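Hello,

Here is the structure I promised to pass on.

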Amino acid sequence: DEAQHAAQADTAPQADGAQPAAHWDDTCDVLVVGSGGGALTGAYTAAALGLDTLVVEKTAYFGGTTAYSGAGLWLPGNPAQERAGVEDSAELARAYFRAVVGDAVPHALQDAYLDTAGPLVEYLERDEHLRFEFRPFPDYFGAPGRIDGGRSVYPCDLDQPEGGHPLLAAVRPPAWAERFELPAPDGPLTDGRALIGRLLLALEGAGGRTRLRTALTSLVEEDGRVVGAVVTDEAGHTRRIRARKGVLLAAGGYEGDAGLRREWQGLRGADWTMGPAGANTGDALKAAVELGADTGLLAESWWCPSVLFPDGTAAFALGFRGGFFVDGSGRRFANESLPYDQMGRALLAARAGMDDSNQVWWIFDGRYGDELPGIVVVPADRAAFTEAGLWRTADTLEDLAVTLGLDAAELTATAKTFNTYAASGEDADFGRGTDPYDRFFGDGTGPNPCLVPVEEGPFHAVRIVLGDLGTKGGVRIDTDARVLRADGTAIEGLYAAGNTTASVTGPYYPGPGAPIGSAMVFAHRAAEHLVR
Ligand code: FAD
C-alpha cells in the first residue's frame, strides 16, 4: 500500500529525506468532495468533459442524504416534463422563483439556476445511464408562475444488473433500513438511490474514479489558489491529493454538528436531522472558511416537522391527512397541511417543538386504527412509541389532555372549533385546505378534504418536533459555483454546490426538488468552468 502510494506520488522524497513542499500522494484534475446528487453530477460532467476526476466520500456508502430522498428534482423546463405534457419554461419558472425568493438572493445566481435547469436534464439524458420522468407534486407557494400539479422530475427506477454491480452495492440504503440496521432492499433502486446509482454508472462510464471512507480534512492553497486537499483515507492515513484544475466541495451541510447547530441555529443538538448519522458535519464548509470563504444563511435549514422516535432521533413527516397539531397551550398554531419547510418555520415562529419546553402533539382520533394519518419516512412502531410515551391514547380528549399535561378545557375547545371547521369546510383560523398543496394529500370525505373531524374515541397524541432535511447555509458562490471571499473575489480553484453553500433559494423552499436540483445545477456549472 505504501509502495503504491509512493509510486503515485508526483514528487519523490528528496535525498535528505525531507518532504518537498509539494509532495502529493495522488493527482487528478478535479477532486470532488462528497457523493450526493450535486457531487456526482459535477463529477460526471467533469469526467465526461475529459477531466481526470476523483470523488472522495467520507462514509462507507455513496449518496448521502440524497440517497434517502425522494429525488424530486426542481429543474423547470426540461424534456421529461415535455414528454409528460407539462408546459413549463425557464421564463415561467423565473416568474415563480422571483415571486418567492425576491431579492433575498442575487438575481444572477437565481438566473444561473433557472437557465441551466432544463438544459442540464437534456445534457444528462444523452448518457445511456441517465433517465428522468415527471411525477406530480405541487409547488410550495401560491405565487405567479406556479404549476399546481408540480414541475419536478424524478430519476427512473434502476434495475440492478444480473450478479449486481459493486458501485450499486455501495449506494446508501434507505433511511428506514439504516435506522433499523437492515440491509438495503432487493430489487430496483428507486428515488434517491436510483439517482445516485445512475450517476455512479454514468461517472464510471466516463472514466471517473471514486473512493469511499476517504474524508476531506483541509484544503491546500498555493499563492491564493486551491491546488489540492488533505484527506484521511480508509486506513486512517493522511493523504495529499493534488487537483490540477480545482476542488468541488459538495459534502452536505453541517446538520450533524451539534455545536454548530447550537451556535448558528439555537437548536438543542443534531439528532433530529435527517442527514445520515455521522456524515454531514460541515467539514467542507469549515475547510473553505479557513481559506477565507464568505458565508451566508448559516441559520437556515430545509425544515420539516418530524416524529420523535424512542431512541431520540426523529423522522421527517409530511402529508398529514388527519388530526391537528397543538403546542403547550393546547391550541393550534398553524395550517397542518402546510408544505413541510413552512410548517418547520411555523414551529420556529411559535418557538415550539424545538425542545421539551413547548411540546407539540399531533392529535387525531380513533378512525385510523394503528396507522398514523400521515407519511413518516421511517415507520413508527406503536408499541415502542407507546412505551416511550411518544404515542399516548385515551378514551376521551379530557383524559388525553391530562396525560399530555395540557389544559383539558383548551384541548377540547380546540377540537370543538376544529370540528366546526370540518363541518363547514372552512378553517377560519389557518385556511387549511385552501391551497392545491394541502389538497394533494387530503382524502377526507367532508366539504374540505383536509379537515377531518376529531371526534371518535380513542383519541391519540404523537409527539412532533422540529427536524430538517439538512442545513442550507454555507459558503457563498458565484454563478460558476466558485467560492467567494467577503470582498466578492473568487478563491481560484475552489467550487461548491448543494448544502455546503448558501442556498440559491434563500430562506425559502420554492418547490419539491429545489435542494437536489440546485445542487446538481451548480455542480454542473462548476465542472463546465473547471474545464475552461
Ligand atoms: P448529501 O446528499 O448529504 O451528500 C453529502 C455527502 O458528503 C455525504 O455522502 C457525506 O458523507 C459526504 N461528506 C461529508 N463530509 C465529507 C468529507 N469531509 N469528506 C468527504 N465526504 C464528505 N431534496 C430534493 O431536492 N428532492 C426531494 O425529493 C427530497 N426528498 C427528501 C426526502 C427525504 C426523506 C430527505 C431526508 C431529504 C429529502 N430532500 C429532497 C433533501 C435532500 O435530500 C438534501 O437536501 C440534499 O440531498 C443534500 O445534498 P448535498 O449534496 O448537499 O448533501
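The second largest cavity is lined by R261, L267, R268, G269, A270, D271, W272, T273, M354, L466, G467 and D468. A cavity here is a set of points, on a 1 Å grid over the protein atoms alone, where a 1.4 Å probe fits but cannot get out; lining residues have an atom within 4 Å of a point. This one holds about 70 Å³ of space. Volume is the space filled by probe spheres set on the points, with grid points joined across faces, edges and corners. Strand β16 (residues 459-471) gives the largest share of its lining, 3 residues. Strands (E, at least two residues) and helices (H or I, at least four) are DSSP runs, numbered from the N terminus.

Please keep in mind that this is a predicted model: local features need pLDDT of at least 70, side-chain atom pairs count only at pLDDT 80 or more, and totals for chains, interfaces and linings use all residues. Residues are numbered from 1 along each chain as its sequence is written, and side-chain values use heavy atoms, leaving out hydrogens and water.

In total there are 2 cavities of 30 Å³ or more.

What is the span of α17? Its end C-alpha atoms are 24 Å apart.

Now the rings. There are 27 aromatic pairs (Phe, Tyr or six-membered Trp ring centres within 6.5 Å; planes under 30 degrees apart are stacked, over 60 edge-to-face, the rest tilted). F137 and F440 make a tilted pair, 5.3 Å centre to centre with 50° between the planes. They sit 303 residues apart, F440 being in helix α16 (residues 436-441). F137 is buried at 15%; F440 is partly exposed at 37%. Both belong to a ring cluster that also includes W302.

K472 lies over the face of W302, 4.0 Å from the ring centre. The criterion is NZ of Lys or CZ of Arg within 6 Å of the centre and within 35 degrees of the ring normal. R240 likewise has its charged end over W24, at 4.9 Å.

Best wishes

Notes
The expected span of a helix is 1.5 Å times one less than its number of residues. On a 1 Å grid over the protein atoms alone, a cavity is a set of points where a 1.4 Å probe fits but cannot get out, and a pocket is an open set with protein on both sides within 12 Å along at least five of seven lines; lining residues have an atom within 4 Å of a point. Buried means under 20% relative accessible area, exposed over 50%, partly exposed in between (1.4 Å probe, protein chains only).
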